[in-house]
Amino acid sequence: MSSELAVGFDLDMTLIDTVPGFAATLRALGDELGVAFPVEELTTRLGPPLEQLLEPHLAAEAVGPAGDRFRELYVEHSITPVPALPGAHEALAAVRRHRGRIVLVTGKFPRNAQLHVDHLGLDVDLVEGWVWGVGKADALRREGVSVYVGDHVHDVEGARAAGALSVSVLTGGCTRAELEAAGTDVVLESLEEFPAWLDEHLLTTRLEALERDLAGRGEVLVAYSGGADSAFLLAAATRALGPEHVVAATGYSDSLPEVERDPARDFAASLGVEVLTPRTHEMEREGYRANGGDRCFFCKAELLEVLTPLARERGIATVATGTNADDAVAGFRPGIRAADERGAVAPLRDAGLTKAQVREASRRWGLPTWDKPAAACLSSRVAYGVEVTPHRLARVERAEAAVRALLGDRVRNLRVRDLGDRASVELDRDLLPLPEQAEVEAAVRGAGFAEAHVDPQGFRSGSMNERLA
């Protein structure tokens, strides 16, 4: 499944309760034409094009003009009284949480559809109107829609013709039996159930995509740091290929905290996977030591240039990193570019798996890393422009160990940032203000910093990027 999600929605009786507005407009039209339309009956069959509903009640030559007049009257009688259906806004928000696009594909007159969207503040990217049944397929295919949500059997036809998953809600005039007979894939009572369904659908399909990707590679060497992402990738590769076809490789250098090493080895060993711990020498790269905004490029370049030959020695064609889909859109990831340029693959990213999905899948699989805090390398603690040296990294590691010894299990996320002339201590925000602030600052000074202070903003992943111009 593509990580670029696009979800389509029908409008009438899917996102909005058209009944009160349709009924008011139909009565107004009937008054003008002197026709007693069966309003209650017609409002139970909303979905088909208006002219189809009017045909049994008017002469053939009057249907077209009556439809045009209905659409004119609609603006006055239907926009204000029509509410969003329960769960509509939450369903759209669920798509946005997954960074998805939202395409509204409806049989309604485009101008009137847009008026509903504007009046109710429906968060959609595109409104495509006056398309019905299989005619919706062209718009759905053009916009790359993989899921189409509607309430009518003809919405099912449109989804199936487009090759999209058909999700039906029972808020319109069609029954569950009718929708299932039409071939819908999913039936929900209402859009209130959609967010949970979407979360589960995306996690399931993305895990399936990950398994297919890994299984097709035969063997893989995982660039394994011991963090939640690379640990999950290692477990997924082991599931897909078997441990005998997977190798874990952790680059050992001054930037990898000692406290991370044994747990990483133990986890890989629990999977039955061979663990390699080659020495990497990023500190010998001038660009790395200079510690500009592109420092991670030189680190990842060094890692891949060490791991790729190791993989080849074992006849393994694929080196994989734990880059996830969130990393790919984070906006500042020079290390990702270095890995891509050196031929590494990123199966989590390619499957569209986000950090939250990695953690949720890890939890379901019983992996101890599912809730492990982010553990960036020690060099990430050094302010950009301040030279990275083994002395600075060791000092940061001593300082963090001292703070953890002082605060114990109360602290989950901790960073001691080396700002050159002083240290900034970032802790979980729920610990702030910290009663032991003076003791913490003294402990950091005792590790070798001349000055230290606890950051009142608390822990922020990537906070060093805030200092970049």
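Q: Is Arg 99 buried, partly exposed or exposed?
A: The model is a predicted one. A residue counts as buried under 20% relative accessible area and as exposed over 50%, with partly exposed in between. Arg 99 has a relative accessible area of 41%, so this residue is partly exposed. Arg 99 sits in the loop that runs between α5 and β2.

Q: What is the phi of Arg 99?
A: Most residues other than glycine have a negative phi, and most peptide bonds are trans. Arg 99, although not a glycine, has a positive phi of about 55°.

Q: Where is Asn 291 found, and what is its phi?
A: Asn 291 belongs to the loop between α13 (286-290) and α14 (295-313). Its phi is positive, about 60°, although Asn 291 is not a glycine. Because its relative accessibility is 0%, Asn 291 counts as buried.

Q: Which residues are joined by a cis peptide bond?
A: Leu 432 and Pro 433 are joined in this way, with omega about -5°. Pro 433 is part of the loop between β12 (423-427) and α20 (437-446).

Q: How many helices and strands does the protein chain have, and how spread out is the chain?
A: The protein chain contains 20 helices and 13 strands. Its radius of gyration is 29 Å, well over the 23 Å that the globule rule gives for 469 residues, so the chain is more spread out than a compact globule. Along the principal axes, its C-alpha atoms fill a box of roughly 90 × 55 × 35 Å. Of the 469 residues, 52% count as buried.

Q: Which residues have the most contacts inside the largest nonpolar core?
A: In soluble globular proteins, nonpolar side chains tend to be buried together. Here the largest nonpolar core has 31 residues, and those with the most contacts inside it are Phe 9, Leu 15, Val 149, Leu 191 and Phe 194. Several elements each supply at least two residues of this core, among them β1 (6-9), β2 and α10 (194-215). The largest share, five residues, comes from α5. A second, separate core of 30 residues includes Ala 235, Ala 264, Val 273 and Ala 351.

Q: Which residues are in contact with Leu 191, leaving aside its neighbours within four places in sequence?
A: The residues in contact with Leu 191 on that basis include Phe 9, Leu 15, Pro 86, Ala 91 and Val 149.

Q: Is Ile 102 buried or exposed?
A: Ile 102 has 0% relative accessibility and therefore counts as buried. This residue is found in strand β2 (residues 101-105). Leaving aside neighbours within four places in sequence, its contacts include Val 7, Phe 9, Leu 92 and Val 124.

Q: Where does Glu 260 lie, and what does it touch?
A: Glu 260 lies in helix α12 (residues 258-270). With a relative accessible area of 16%, Glu 260 is under the 20% cut-off and is therefore buried. Not counting residues up to four places away in sequence, Glu 260 touches Lys 372 and Ala 375.

Q: Which residues of helix α18 are buried, and what do they pack against?
A: In helix α18 (residues 355-364), the buried residues are Gln 357, Val 358, Arg 359, Ala 361 and Ser 362. They pack against α10, α11 (228-241) and α17 (347-351).

Conventions: Residues numbered from 1 in each chain as written. Predicted model: local features only at pLDDT ≥ 70, side-chain atom pairs only at ≥ 80, totals over all residues. Heavy atoms only, no water. Helix = DSSP H or I, 4+ residues; strand = E, 2+ residues; numbered from the N terminus. Rg over C-alpha atoms; globule rule 2.2 N^0.38 Å. Buried < 20%, exposed > 50% of the residue type's maximum accessible area, 1.4 Å probe, protein only. Contact = heavy atoms within 4.5 Å. Core = buried A, V, L, I, M, F, W, Y, C linked by side-chain atoms within 4.5 Å.
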